[in-house]
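Hi everyone, and thanks for coming. Let me put the structure up, and then we can walk through it together.

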Amino acid sequence: MKLPFAIARWRLVCLTLALATIVGVAAGYAVAVFYPRPFDLAAAAAPKVAVAPAAPAVTQAQLAPQPSPPIPVVRPRVQSVSSFVDVTGNAASVNAVKLIARVEGYLEQLHYQDGQFVKKGDLLFTIQQDQYKDQLQQSQAQALAAQAALVYAKTEVGRYTALLKKDAATQVEVDKWVYQRASAEAQLLGAQAGVALAKLNLGYTEVRAPFDGIVGKHLIDPGNVVGGGGQQTALAEITQLDPIYVVANLSEQDVLKVRQNLGQHRLTLTDLHKVPVDVALSDETGFPHQGTIEYVAPAIDPATGTLLVRGILSNPNFTLLPGFFVRMRLPMGQVDRNALLVPDRALQEDQGGRYLLIVNKDNVVEQRYVQLGQLDGTLRVITSGLKPDDRVVVGDLWRASPGTRVTPQLTTLDATSTGAKP
């Protein structure tokens with residue numbers, strides 16, 4: 001009975017050892033998985049501390065102060081400037097004439113092409129001339145007959161006057177030939193007037209250009225009867241383009257300002273014709289065309305409250321055509337001999353108005369609000385807010401913000417006149 005008990009005890013011991021081996025193997029596998037390196041319980045229990053990466057080393061050049069950016073600046077130009085006013089007007093022809101048929105007849109020939117430039121006296125149309133040539137010849141014949149009658153009457157007056165002195169003729173006969181002489185003189189004058197009229201009508205058969213200009217399209221074709229029935233038949237229209245008018249209207253306020261600048265002195269017509277006027281088309285820059293004032297209306301138009309002003313200028317290349325919109329610059333009669341001018345592109349604007357960037361004596365940029373005057377080419381007159389010795393920023397405006405220290409580079413206005421506006 002003791003042997004079976006010993007065997008059972010031995011089996012229990014073996015089972016216990018087997019379980020212990022299995023547990024040990026499982027524990028070793030877990031340590032190998034979660035702790036691939038040799039496991040250190042002390043290190044695992046120690047708290048984890050984050051280590052920041054090392055900062056790069058700062059160089060000596062980075063510690064040195066950075067140089068101020070170079071900024072181009074100019075000083076205002078001081079020059080004499082005349083005040084003026086810009087108005088919008090129109091070009092108008094000096095002469096525009098309809099060519100009228102002044103005698104009746106068939107329109108025989110057209111001597112120009114529509115739109116052709118012609119000189120004064122050039123032949124444009126010919127009207128049937130036969131009848132007018134015959135009328136002239138008839139009038140000349142009547143004049144010759146009257147001339148012969150006058151010569152005969154003068155001869156008879158002389159003869160009978162001599163006979164009267166010899167008592168060979170009566171006073172009645174002398175008076176008769178004196179009357180005949182006077183009548184012949186009157187008939188001769190009438191015949192001569194008929195000749196002149198016949199020549200005039202014959203001349204009307206040739207329609208010629210009254211001045212240099214461009215002839216428009218013909219309104220009557222050759223072969224049609226013109227000038228009949230007492231009606232004035234327009235054959236074409238000719239327009240003079242050189243010189244040419246420019247017409248505009250000045251407001252009452254501008255007129256009063258001009259009079260104030262002139263000291264209420266009214267210009268004579270001779271003085272008025274010396275007043276310059278500058279003209280430009282809508283697509284032109286500046287005012288490339290120059291002329292003078294030709295006429296000023298004597299009164300303000302009550303309907304518009306404006307005063308008509310008309311200038312005249314040469315137009316040899318026909319740059320200006322009647323009806324074109326033009327810009328006119330008229331002097332206001334006042335001269336500022338110490339005006340300050342800066343490039344117009346240097347001006348900026350915000351809610352406070354127009355301003356310039358100025359570099360002060362400490363080379364720090366300042367914002368300066370200014371009052372503007374007229375534009376003179378690419379330069380703008382500054383009426384207030386600027387001094388002659390100020391240094392105005394004209395380039396790299398995006399780098400020259402107020403309060404920034406800069407390195408000013410002084411340049412000239414001529415060097416900046418061709419630059420683009422930033």
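I'll start with the overall picture, then look at a helix, some rings and some charged pairs.

A word on where this comes from: it is a predicted model, where local features need pLDDT of at least 70, side-chain atom pairs count only at pLDDT 80 or more, and totals for chains, interfaces and linings use all residues. Residues are numbered from 1 along each chain as its sequence is written, and side-chain values use heavy atoms, with hydrogens and water left out.

The protein has 8 helices and 22 strands. Those are DSSP runs, at least four residues of H or I for a helix and at least two of E for a strand, numbered from the N terminus. Of the 422 residues, 30% are buried. Buried means under 20% relative accessible area, exposed means over 50%, and partly exposed is in between, with a 1.4 Å probe and protein chains only.

Now find helix H5, residues 171–204. Buried residues in H5 include Val174, Trp177, Ala184 and Leu188. Helix H4 (130–165) and strand E7 (206–208) are among what covers them, judged by contact, meaning heavy atoms within 4.5 Å.

Next, the rings. There are 5 aromatic pairs. Rings of Phe, Tyr and Trp (its six-membered ring) pair if their centres lie within 6.5 Å; planes under 30 degrees apart count as stacked, over 60 as edge-to-face, and the rest as tilted. Tyr112 and Phe125 are edge-to-face, because their planes are at 80 degrees, with centres 5.6 Å apart. Tyr112 sits in the loop between strands E4 (105–110) and E5 (117–118) and Phe125 in strand E6 (residues 123–127), so this pair ties together parts 13 residues apart in sequence. Phe125 is buried, at a relative accessible area of 1%.

Compare Tyr160 and Trp177: their planes are at 20 degrees and their centres 6.4 Å apart, so they are stacked. Tyr160 belongs to helix H4 and Trp177 to helix H5, so the pair ties together parts 17 residues apart in sequence. Both Tyr160 and Trp177 are buried, and together with Tyr152 they form one aromatic cluster.

On to charges. The whole structure has 8 salt bridges, each a side-chain nitrogen of Lys or Arg within 4 Å of a carboxyl oxygen of Asp or Glu. In helix H4, Arg159 and Glu156 are 3 residues apart, about one turn of the helix, and their side chains form a salt bridge at 2.1 Å, N to O. Arg159 is partly exposed at 41%, whereas Glu156 is buried at 8%.

Another salt bridge joins Asp390 and Arg368, at 3.0 Å, N to O. It links distant parts of the chain, with Asp390 in the loop between strands E20 (379–384) and E21 and Arg368 in strand E18 (residues 365–369), 22 residues apart. Glu366 joins Arg368 and Asp390 in a network of salt bridges.

Let's finish with Arg391, in strand E21 (residues 391–393). Which side chain of opposite charge is nearest to this buried residue? That is Asp390, 7.7 Å away, and Arg391 has no salt bridge; here Lys and Arg count as positive and Asp and Glu as negative, while His and the chain ends are not counted. A polar atom of the Arg391 side chain does lie 2.5 Å from the backbone oxygen of Asn360.

Terms used:
Expected span 1.5 Å × (residues − 1). Polar contact = N/O pair within 3.5 Å; in protein donor to acceptor, adjacent residues only side chain to side chain.
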